[in-house]
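Thanks for coming. I have one structure to go through today, and I will keep to the parts I can describe plainly.

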Amino acid sequence: MSTDIATNPYKADFPLLASHPELAFLDSAATAQRPAAVLDAQRSFYETMNANPLRGLYQLSVDATQAIEDARAKVARFVGATDPAEVVFTRNASESLNLIAKTLGPTVLHEGDEVCISIMEHHSNLIPWQQVCRAAGARLVYLRPDERGVITDEEIANKIGPRTRIVSVTHVSNVLGVENPVRAIADAAHAQGATVIADAAQSLPHVHVDVRALGVDALAFSAHKLGGPMGIGGLWGTRELLESLPPFLTGGEMIDSVTEDDAVWAPIPEKFEAGTQDAAGIYATGAAIDYICEHGRDELEARERELAACLCEQLQALPFIQIVGPADPRAHVGAVSFNVEGIHPHDVSSLLDTKDVAIRAGHHCAQPLLTWMGIESCCRASVAFYNDRADIDKLVDGLKFVWEVFHG
């Protein structure tokens with residue numbers, strides 16, 4: 001392997017991992033651990049600039065406002081955007097996807113139109129589109145991968161057509177771990193005049209994301225999968241798109257002026273940020289991005305790709321393990337899903353927990369995908385740059401223990 005995954009220069013930066021050296025945390029696809037720099041930043045906000053941003057002319061409020069805008073600029077650079085005003089802060093990727101679905105859907109969809117998503121979507125990028133299609137009388141169309149987990153050019157051509165108005169796809173599947181051909185999908189959609197949204201909740205923590213290179217019109221993400229706080233997410237959208245949409249929520253700070261009978265909306269991004277924001281969480285999200293950038297995005301991505309490939313290879317070496325997703329270890333970004341022959345995933349996860357190994361088990365908020373694949377649930381082990389070969393070895397030993405418990 002080109003990257004050394006036996007040593008670990010990162011775990012000491014993460015207080016939870018440093019205080020629990022016995023733990024093999026392999027559930028970063030659900031939420032990442034936070035480095036001390038992020039925890040310190042969140043506390044520092046409340047200790048040094050705690051005031052309601054945007055609403056005060058005194059220094060504390062000015063500082064709080066600036067903290068949000070600095071973080072907004074960092075997010076914009078991190079996703080390859082040139083205009084910080086195109087970044088809207090939300091609670092999470094789910095809220096970002098609901099925002100775009102509930103504002104864009106009623107604006108462009110009519111009876112007989114189509115919205116195209118993939119069968120591998122997280123429920124957060126599926127249910128909102130089900131609802132807007134139902135309300136508009138539109139049809140939901142699914143892109144389906146081949147046996148390698150790949151959405152082919154032929155499938156794209158067959159599913160995106162003249163009736164397509166919106167395409168919303170996950171960049172990386174939270175179950176299969178595959179990176180989807182978003183650029184090819186976006187090009188096909190734009191050729192039909194459709195708007196394209198990417199769910200980057202699973203990709204932004206692991207691969208270099210550039211909204212311009214992807215060719216999308218909007219992109220959603222969650223901070224907590226990046227090592228930032230829970231309860232913070234973001235929606236990037238082109239200025240043209242965001243300015244064309246109505247507000248999602250109404251209330252304080254998203255207005256320019258109000259009369260007894262009407263209101264004028266504030267410009268973007270404030271138009272979509274009603275009420276008091278989690279300023280401390282936003283500030284700490286900026287610290288999470290700083291941490292990643294300081295350690296080198298390319299270096300961290302290379303390490304995670306080696307970890308994911310090693311994880312898949314080690315699981316494939318166990319005769320009682322069935323990989324859910326691509327057989328190619330190099331096709332997995334961050335996550336590898338699997339089942340232990342004849343043993344329910346919940347039992348696997350519970351027994352692994354007794355060996356201080358943390359994985360996810362269930363349908364992973366992707367029930368249509370699992371149903372289409374003919375399974376009800378599966379296990380998922382997912383890595384981040386703070387993992388190492390010892391964590392994977394501990395999982396393998398734990399799985400051997402699980403097998404022995406059921407088979408002697």
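I will take a sheet and its helices, then the cores, then a few single residues.

Before anything else, please note that this is a predicted model.

Let me start with the sheet. It is an open sheet of 4 strands in the order β11-β12-β15-β14, and the pairing is antiparallel. Which strands stand at the edges? They are β11, residues 321-324, and β14, residues 360-362. Each has a single partner strand, so one side of each is left without a neighbour in the sheet. On average, neighbouring strands here are turned by 35° against each other, if direction is ignored.

Strand β14 is joined by 3 bridges to β15, residues 378-382, and the two run antiparallel. As a reminder, strands of a sheet pair through backbone hydrogen bonds, either parallel or antiparallel.

V340 is in strand β12. Is V340 buried or exposed? Its relative accessibility is 2%, so V340 counts as buried, the cut-off for buried being under 20%. Leaving out residues up to four places away in sequence, V340 touches F320, I321, V348, L399 and W403. For a sense of distance, the C-alpha atoms of V340 and D146 are separated by 23 Å, and these two residues are 194 apart along the chain.

Next, the cores. In soluble globular proteins, nonpolar side chains tend to be buried together. In this model the largest nonpolar core has 95 residues. Which of them touch the most other members? Those are I100, W129, V216, L219 and Y386. Helix α3, residues 59-78, gives the most to this core, with 7 residues. To take one member, V216 is in contact with V182, V196, A198, V211, W236 and T238, once neighbours within four places in sequence are left aside. There is also a second, separate core of 29 residues, and C310, L311, F338 and L351 are among its members.

T164 is in strand β5, which spans residues 164-170. T164 has 0% relative accessibility and therefore counts as buried. Its side chain reaches the backbone nitrogen of G161 at 2.9 Å. Apart from neighbours within four places in sequence, T164 is in contact with E114, C116, K159, Q192 and A194.

T285, the other one, is found in helix α10. At 2% relative accessibility, T285 is buried too. What does the side chain of T285 have a polar atom 2.8 Å from? The answer is the backbone oxygen of G281. Not counting residues up to four places away in sequence, T285 touches A223, P229 and I232. From T285 to A335 it is 50 residues in sequence and 23 Å in space, C-alpha to C-alpha.

Last, some backbone points in the loops. The peptide bond from I268 to P269 is cis, with omega near 0°. P269 sits in the loop between β10, residues 263-265, and α10, residues 279-295.

D356 has a phi of about 65° and is found in the loop between α12 and β13, residues 357-358. H364 has a phi of about 60° and lies in the loop between β14 and α13, residues 367-373. How exposed is each? D356 has a relative accessible area of 32%, so it is partly exposed. H364 stands at 8% and so counts as buried.

That is what I had to show.

Methods
Residues numbered from 1 in each chain as written. Predicted model: local features only at pLDDT ≥ 70, side-chain atom pairs only at ≥ 80, totals over all residues. Heavy atoms only, no water. Pairing = 2+ DSSP bridges. Axes fitted to C-alpha atoms, helices over the stretch in contact; angles between N-to-C directions. Buried < 20%, exposed > 50% of the residue type's maximum accessible area, 1.4 Å probe, protein only. Polar contact = N/O pair within 3.5 Å; in protein donor to acceptor, adjacent residues only side chain to side chain. Contact = heavy atoms within 4.5 Å. Core = buried A, V, L, I, M, F, W, Y, C linked by side-chain atoms within 4.5 Å.
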